[in-house]
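Please read these notes with the model open.

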Amino acid sequence: MNAPQTLSDAISCLSDYDPNALPVSQVREIVGRVIVPVEAIERVAIRSGLGRVLAQDLASPIDVPSSDNSAMDGYAVRAADLVSDRPTTLKLVGTALAGQPFAGAVGPGEAVRVTTGAVMPTGLDTVVIQEVATVDGDRLAVPGGQQRGQHRRLRGEDLARGKPALRAGKLLAPADLGLLASLGFAEVAVRRRLRVAFFSTGDELRSVGEALGPGEVYDSNRYTMYGMLTRLGVDVIDMGVIRDDPDALERAVRTAAESADAIVSSGGVSVGEADFTKQVMARLGDIAFWTIAMRPGRPMAFGRIGRTSYFGLPGNPVAVMITFYFFAREALLRQMGAEPSPLPFVRARSLSAFRKRPGRTEYQRARLDRDADGTMSVSSFGSQGSGVLRSMSEANCIVVLHHDQGAVAVGDPVDCIAFDGLV
Ligand code: AMP
Ligand code: MG
């Protein structure tokens, strides 16, 4: 990653910067340059590492598995004792179980019963599965056609000692906890949790539990923001609803900047409202106001107040979610110290037509389904108004219509990002 820059340096790197029509790719570039990852590291028990960001590269201190062992229940034999195309009879001299190796020596023509995970007895290199073998007393009959080394796991096959096991910047998932345990680590070094303060702005907002007056709406954004931030794995600081008043905004931002690594706000950045927000922010930090070439969620603010990053998202309930996911999310992950991988696209046949002109990125709420023939198809959620939160709730994916893409006809392939993954 490049060294962090000031906002104006990052902006000056772009030859064709236009704050009033900023392509999504340029937003991500600027944000990527400005974000400073948190440095503090803490050691936690590996279970507490779930969802945290690994702070250092980890090499395997051991070979996994630590010895050659059987991959199946059956009989460990020496391939050299077998006749390739005819049955061979061997003498059974003992048993090796997982965790209970066979201690003795195994001579020519001898075999040992093994269970899955049992260490291969010294000198034996091949496992014959129990289903094909016949046992009569200590006589073992092995049919022809066995392959040397079959059903045997080699020492270090999963991870050899000294080989990189996990890279710094990895968001630890369930498999990583298992991997850490398989290497014998009881603790893991992770970046400290990011503290993110968030608030909604708007004189029209009421909190749940209050009665609504004429023209008032319940503040839903603070709940979606809470959900999105919590899922990201940060510590949240809920600062409530801030009135459309420069002094109240200034107080809120100052307080947030003192206690948080990042501030996420909703509302107050649209053209009519941006004026006083701009004045307050200009006094407090280095903030840019953008109209991004995207839909929904065009007006947005981004910058830094001291070491605290600031994400001024639009007020519309859908826009706040889309701008969070496609702009704040990656930036916050970087600030957490993670190396975010690009969100995976699923290519699906569109059952809807989309009117679209090149020159902006559009994010459409939609439903992705698997057809009887196994192919994926996607249909737009009818009402795409950026205030229709129900569309986010009922959708299971976002169709991304890229910056240079034009209109989409029924049957055309489109890129989708599914909401839910396996892990
Ligand atoms: P703004 O960006 O502040 O001009 O808000 C745009 C639209 O989103 C207006 O209709 C607001 O009432 C609505 N809105 C703003 N903030 C919220 C919020 N926290 N919860 C629900 N709706 C909101
Ligand atoms: Mg507002």
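**Notes on the predicted model**

1. Ligand 1 takes up the space of the second largest pocket. A pocket here is an open set of points on a 1 Å grid over the protein atoms alone, with protein on both sides within 12 Å along at least five of seven lines; a molecule sits in a pocket if more than half of its atoms lie within 2 Å of its grid points.

2. This is a predicted model, in which local features need pLDDT of at least 70, side-chain atom pairs count only at pLDDT 80 or more, and totals for chains, interfaces and linings use all residues. Residues are numbered from 1 along each chain as its sequence is written, chains are lettered from A and ligands numbered from 1 in the order in which they are written, and side-chain values use heavy atoms, with hydrogens and water left out.

3. Around ligand 1 there are 15 residues, the closest being Glu204, Asp219, Ser220, Glu273 and Gly315 (near means a heavy atom within 4 Å). The shell divides into three nonpolar, nine polar and three charged residues, where Gly counts as polar and Asp, Glu, Lys and Arg count as charged.

4. Which side chain has an N or O atom 2.7 Å from a nitrogen atom of ligand 1? That side chain belongs to Asp219. Asn221 places a polar side-chain atom 3.3 Å from a nitrogen atom of the ligand, while Gly268 has a backbone N or O atom 3.3 Å from an oxygen atom of ligand 1. The protein covers 79% of the 480 Å² of accessible area that ligand 1 has on its own (Shrake-Rupley method, 1.4 Å probe).

5. Glu273 belongs to helix H6 (residues 271–284); helices (at least four residues) and strands (at least two) are DSSP runs.

6. Val64 and Pro65 are joined by a cis peptide bond with omega about -5°. Pro65 is in the loop between strand E2 (58–59) and strand E3 (69–70).

7. Another cis peptide bond runs from Arg295 to Pro296, with omega near -5°. Pro296 lies in the loop between strand E19 (294–295) and strand E20 (299–305).

8. His151 is not a glycine, yet its phi is positive, about 55°. His151 is located in the loop between strand E9 (139–142) and strand E10 (152–153).

Methods. Polar contact = N/O pair within 3.5 Å; in protein donor to acceptor, adjacent residues only side chain to side chain. 1 Å grid on protein atoms, 1.4 Å probe; cavity = no way out; pocket = protein on both sides within 12 Å on 5 of 7 lines; lining within 4 Å.
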